[in-house]
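Here are my notes on this one, jotted down while going through the model. Have a look at the structure first, then read on.

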Amino acid sequence: MKTYQQLWQSLTPLYDAGEAQAIVRTVLDVKYGMTLTDIICGKVNEISADEERKLEEIIIRLQKGEPVQYVLGEADFAGRTFHVEPGVLIPRPETAELCQWIEEDFAGKSIVSSGDSSEDSPEDSSGNSPQATDDAKLILDICTGSGCIAITLGLNIPNSEVTGWDISEDALRIAQGNVEMMKAGNVRIEHQDALALPKAAETDNEKMKGNDDKKVVKPKGEAKTPSTQKWDLIVSNPPYICEKEKADMEKNVLDYEPDLALFVPDEDPLKFYRAIAEFASLELRSWGMLYFEINPLYEKETREMLEGFGFKDIETKEDAFGKKRMMRAMK
């Protein structure tokens, strides 16, 4: 049996020492319940022959560059553990920061529900922003992937009803599984192409008859997709990496994570943002909020695009690495 040191050193052709150690510690924790103390005390050498064989299989997959999240079938995100597998993007800490920003805005009452009587005005008679009512907050997550954003917001924002849309059958299956695993009964997962979003004039009956691409995936609980009632908030982390950026990306991302969730053409980097912003300009209620995770290279262009659709109070926020990663706008 290899020692802990031998295990992590076998990954150093791909990762630096610190990252290799962290990956092996994660594997030993998730698969064998070993704490750092256990590892230091040499418990790696005490596992059974069957466990040793399975560990060797895991190490071989890691040596080929497969992300540890896919190997283990799980990824930590915003304090919860989500199931992931090839076919969905691995949730990133930067995206968790986007969720935190949204939650802080809800807590600070900068987002009000669609049932608020102040719908037609951003201020009440006293000049203050309207306060949220007891009506449910209606949230839409476009390009939901594993469902990490939709489920996080649904579980962390009181009295919310969240819908997650994606085009990938793998993503829909995985996201629905995460909804059920986390008992997020207020979250609904649906099949919807972000580049062919339903028109504002469609009624529920028209959607049922004429849009076969939009279907519910085993909905749980009482969450619903409103048609006459507009969204309070729309959020999206769409594909935004240009083909020309591939040269600077890690091999394990390029080889294993889905191109569908990552890349856009060099000649049209705002392809998804434009489609979503146009939809949001029609389907958000007045003073509703739109949030994006963005490509820092196109922050200026994304801002100008939103301005072109009539959004205001556009704000960019840096992530923990100092990159302009998130954007917020008001209808």
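1. Start with helices H2 (residues 17–32) and H4 (residues 49–63): in this predicted model, their axes come within 12 Å and cross at roughly 140°. An angle over 145 degrees would be needed for roughly antiparallel, so H2 counts as oblique to H4. The crossing of H2 past H4 is right-handed. On the H2 side, Ile23, Val27, Leu28, Lys31 and Tyr32 make the contact, and they meet Glu51, Lys54, Leu55, Ile58 and Leu62 of H4.

2. Now for another helix pair, H6 (residues 93–107) and H7 (residues 148–156). Their axes come within 10 Å, with a crossing angle of roughly 30°. That is under 35 degrees, so H6 and H7 are roughly parallel to each other. H6 also passes H7 in a right-handed crossing. Thr95, Leu98, Cys99, Ile102 and Glu103 are the H6 residues in the contact, while H7 brings Ile149, Thr152, Leu153 and Asn156.

3. On to the overall picture. The protein has 13 helices and 12 strands, and 50% of its 331 residues count as buried. Take the contacts with a separation of 6 or more: 65% of them join residues 24 or more positions apart.

4. Which residues touch the most other members of the largest nonpolar core? They are Ile142, Ile234, Phe279, Leu290, Leu306 and Phe311, out of 35 residues in that core. The elements giving two or more residues are E3, E7, strand E8 (241–242), E9, H12, E10, H13 and strand E12 (324–330). H12 gives the most, with 6 residues. There is also a second, separate core of 30 residues, and Leu98, Cys99, Ala150 and Trp287 are among them.

5. Ile234 deserves a click. Neighbours within four places in sequence aside, Ile234 is in contact with Leu140, Ile142, Ile276, Phe279, Ala280, Leu284, Met289, Leu290 and Tyr291.

6. Last, H12 itself (residues 271–283). With 13 residues at 1.5 Å a residue, H12 should span 18 Å, and its end C-alpha atoms are 19 Å apart, which agrees. Its buried residues are Phe272, Tyr273, Ala275, Ile276, Ala277, Phe279, Ala280, Ser281 and Glu283. What do these buried residues of H12 pack against? The partners are strands E3 (137–142), E4 (160–166), E7 (231–236), E9 (263–264) and E10 (284–293), plus helix H13 (299–308).

Notes. Residues numbered from 1 in each chain as written. Predicted model: local features only at pLDDT ≥ 70, side-chain atom pairs only at ≥ 80, totals over all residues. Heavy atoms only, no water. Helix = DSSP H or I, 4+ residues; strand = E, 2+ residues; numbered from the N terminus. Expected span 1.5 Å × (residues − 1). Buried < 20%, exposed > 50% of the residue type's maximum accessible area, 1.4 Å probe, protein only. Contact = heavy atoms within 4.5 Å. Core = buried A, V, L, I, M, F, W, Y, C linked by side-chain atoms within 4.5 Å. Axes fitted to C-alpha atoms, helices over the stretch in contact; angles between N-to-C directions. Parallel < 35°, antiparallel > 145°, perpendicular 65-115°, else oblique. Left-handed = near helix turned anticlockwise from the far one by under 90°.
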